[in-house]
Amino acid sequence: MAQYHQFDALVVGAGGAGLMAALYASKSVNTAVISKLYPTRSHTGAAQGGISAALGNMEPDKWEWHAYDTVKGGDFLSDQDAVDILCKEAVEAVIDLEHMGLPFDRTADGKISQRRFGGHSNNETKQPVQRACHAADRTGHMILQTLYQQCIKNNVRFFDEFQMIDMIVIDGTCRGVVAVELKTGEIHVFHAKAVMLATGGFGKMWKISSNAHSLTGDGPSVALRCGLPLQDMEFYQFHPTGIYKMGILLSEAARGEGAIFINDKGERFMERYAPTMKDLASRDVCSRSIYKEVRAGNGIGGKDYVYLDFRPERINKYFEADGNPRRVDAEYIEKRLPDIIEFVRVYMGIDPITEPVPIQPTAHYAMGGIPTDLDARVLLDENGAIVHGLYAAGEAACVSVHGANRLGTNSLVDLIVFGRRGGKKMAEFAKQTEFLPISQEVHKPAEAMLNGIRNNDGKEHPGQIRKELQLHMDEHVGVFRTKQGLEAALEEIRGLKERYKRIHIDDKGVQWNTDLMEAWELGCLLDLAEVTAISALARQESRGGHYREDFPDRDDKNFLKHTNVWSDNHMSYKPVRMGRYQPTERKY
Amino acid sequence: MKVHFKIKRFNPEKDKKSYWGEYDVEAEESDRVLDALQTVKWEIDGTLNFRRSCAHGICGSDAMRINGRNSLACKLLIRDAVQGGKIVVEPILGLPVIKDLIVDMEPFFAHYRAVMPYLINDTEPGERERLQSPEERARFDDSTKCILCACCTTSCPSFWVRGDYVGPAAIVQAHRFIFDSRDQGAAKRLDVLGEPEGVWRCRTVFNCSEVCPRDIQVTQAIGEVKAALITGRID
Ligand SMILES: Cc1cc2nc3c(=O)[nH]c(=O)nc-3n(C[C@H](O)[C@H](O)[C@H](O)COP(=O)(O)OP(=O)(O)OC[C@H]3O[C@@H](n4cnc5c(N)ncnc54)[C@H](O)[C@@H]3O)c2cc1C
Ligand code: FES
């Protein structure tokens, strides 16, 4: 017997997107949140640099400039009506967070402090603009804490350490989810009028990754298994500055404060690739430039990494060269970037104030995901039909505001803006609808699937399959892609999926069985890896985060469109919603 | 290098008592203790259970007692942890063990909720941000860093003795709001912390400050709350 619960609105995931949605839904309907992690453990807490909004606290800024930067950053694949909402509502959303108590850093006159970030510019002067609102380099931590605090204040109901393993979708309507209570191993059915998937990203497909162990794409994968499409899966962002070999992120805020990339010859090589924005060019451009340097033999000691240099005297030297009057000292850098400086000290054993830091691109952010409309309602197909009662927001979703490449700070904006819109819409919907029936047996397939994994006595080891998956993805579905590479990866992934059917796990128990849940999560990663490779193979052009060496140019004639892919591997495309901005060549 | 791990194991479905699991792991000196635990789990014994997520000291999932001292397994490197080729890992103390290194965190979060860990200010904030000077903001900066990992609370002898003590983590959370110039709930929180289960249980043993993986001056924060209770002033 499964335990049964009923809520008007059910949010799956307690990161920034889920908590924002829950907060707004709970204002008027009976709302619960289930999360496989304690809410404050969500990876939103790892976000470092900032959340952008054209507050204009430091210098003139306009939300329209933010919108243009977002569209350009996304290599013109973003839906421009969604981008307008993102950038316009960002201003109000950031103020909303401040009113909830978020401890932003302050300017001398007491306003929210802002700093520069990659790809954000004054559209008139083309120079970097200070738009990223921040709390040291712990902005995500503060957002997550603040939203959780507000949820406690508003008595939002939490089911902590409950993991969704299936969704109840019948006749195009979502009626709830099936989850495991990790502590007891019991199955629970959550019957709901409105469900939101806010389960975050899936960066654990790759080995070198900034993502948490828990980011295994459960939401998108369950959606796929329920017959829903995923959008733009070929667009995955590799952030240029991961700690060498570990992938731990060093925020772009470092470069926002003046840090630069240096190759083995001591050159500031970004000058050659992005003459205007230089080290603050968009992430896809920086990551490719790093690997171009490495291929040209300019990696440090001929190896596969370069330096990120935040020594104050070097920063000042380049400020001077750029005609920028700012100057920094060690104390300032320590105060603005305390966490990432500590990461370097702890994990690399070097001091970034006196030594340059070895970095390499790291798998970071999913631009693609569960397609939604402007109110976070999940789309059933490429024609805009919706799945009634189902919503998605945050990194798991694809609105699409980030297009082919997300600008730094825009994910946090996305969580807050579309989390809030989704939460409001869920409440509105729940108030005008009844609970639709579900059968008493509705949890049986999920239960059987889990028991199947638990009792399987094959020879294959999930740890080994995970390792091989990550290696293939790093090698062939990374910053540079080719037809041969992607085909090889696809074959490997399909081979791994076959082997996955014959796994065995050690822990046959019921309570807190992480062996079991990790094996289930591996299944999610395998499904998502497959559709990522398929989507990437089909897109014969280069755009934003998707770079095909065999098709190095953007091809607006054939590919200015979003990919939808289904679990049976069929694909379709739909047009990008254009607006004020027509595609132009992207220069930084 | 080869490292010998002694890990305290307990499976509620099988074991009456905990026992030591022993594992030899091949690890780099610069690996995290968490990496080695993952190696045990993924390559030697899949039945080992522990919580983890971010793997870089941000989410607060993997507080454990490593060689007798509370740490985040992901923030402690093998070279700093290993003693005579050995690393001993146990669950944090003072909270009921559920399975292996996983303890029941509910009592910890109940204490957290008890101090009203949210901004209390019922005035109309207006259209723009509430203003706060950099100095006012700096006043509570240290306590905003808390990730609720429970390293501090579960290293505190007063908490071991009486689990109804709210504990250092909850006091740090209260401090974060009491000293925020925008907050108006200080009196209510001080009422809670002035109770017998509140700050006076603190005997300034300093364990909390020593183990905090975020380097929060926990004992100092507790001291400031005590001072506010005694003087009735917040400054
Ligand atoms: C190191 C780092 C730094 C970053 N810095 C920035 C930045 O400065 N600015 C910016 O804009 N963006 C930044 N990003 C990106 C941004 O932080 C993330 O994209 C964003 O936080 C994702 O939020 P989310 O709410 O979608 O998901 P998450 O915060 O990842 O939360 C996912 C939630 O879903 C739950 N969950 C998952 N699966 C299940 C399941 N099966 N059942 C139940 N619950 C489940 C988890 O428990 C968790 O609560 C950064 C990312 C990283 C990794
Ligand atoms: S795993 Fe997140 S703090 Fe260690």
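Let me start with a term: on a 1 Å grid over the protein atoms alone, a cavity is a set of points where a 1.4 Å probe fits but cannot get out. In this structure, the space taken by ligand 1 is the largest cavity. A molecule sits in a cavity if more than half of its atoms lie within 2 Å of the grid points of that cavity.

Hello everyone, and a few ground rules before we go on. This is a predicted model, where local features need pLDDT of at least 70, side-chain atom pairs count only at pLDDT 80 or more, and totals for chains, interfaces and linings use all residues. Residues are numbered from 1 along each chain as its sequence is written, chains are lettered from A and ligands numbered from 1 in the order in which they are written, and side-chain values use heavy atoms, with hydrogens and water left out.

So, who surrounds ligand 1? There are 39 residues around ligand 1, counting a residue as near if one of its heavy atoms lies within 4 Å. Those that come nearest are Ser35(A), Ser42(A), Thr44(A), Glu395(A) and Leu412(A). By type, the shell holds 15 nonpolar, 20 polar and four charged residues. Here Ala, Val, Leu, Ile, Met, Phe, Trp, Tyr, Cys and Pro count as nonpolar, Asp, Glu, Lys and Arg as charged, and the others, Gly among them, as polar.

Now the backbone around ligand 1. Ala14(A) has a polar backbone atom 2.8 Å from an oxygen atom of ligand 1. For Ala17(A), a backbone N or O atom is 3.0 Å from an oxygen atom of the ligand, and for Lys36(A) such an atom is 3.0 Å from a ligand nitrogen. On its own, ligand 1 has 1,000 Å² of accessible area, and the protein covers 98% of that; the areas come from the Shrake-Rupley method with a 1.4 Å probe.

Which elements give two or more residues to this shell? In chain A they are helix H1 (16-25), strand E2 (31-35), strand E7 (162-170), strand E14 (357-366) and helix H12 (410-431). H12(A) gives the most, with four residues. Helices (H or I, at least four residues) and strands (E, at least two) are DSSP runs, numbered from the N terminus.

Back to Thr44(A), which sits in the loop between E2 and strand E3 (51-52) of chain A. Thr44(A) is buried at 13% relative accessible area, where buried means under 20%, exposed over 50%, and partly exposed in between, with a 1.4 Å probe and protein chains only.

Most residues other than glycine have a negative phi, and most peptide bonds are trans. The bond from Val399(A) to Ser400(A) is cis, with omega near 5°, and Ser400(A) lies in the loop between strand E18 (397-398) and H12 of chain A. Trp512(A) has a positive phi, near 35°, and is buried at 6% relative accessibility. Asp215(B) also has a positive phi, about 55°, but is partly exposed, at 48%.

Where do chains A and B touch through side chains? One place is Glu161(A) and Arg51(B), joined by a polar contact of 2.7 Å. A polar contact is a pair of N or O atoms within 3.5 Å; within protein, one must be able to donate a hydrogen and the other to accept it, and residues adjacent in sequence count only if both atoms are side-chain atoms. Glu161(A) is buried, at 9% relative accessibility.

Last, chain B has ten helices and seven strands, and 60% of its 235 residues count as buried.

Notes
1 Å grid on protein atoms, 1.4 Å probe; cavity = no way out; pocket = protein on both sides within 12 Å on 5 of 7 lines; lining within 4 Å.
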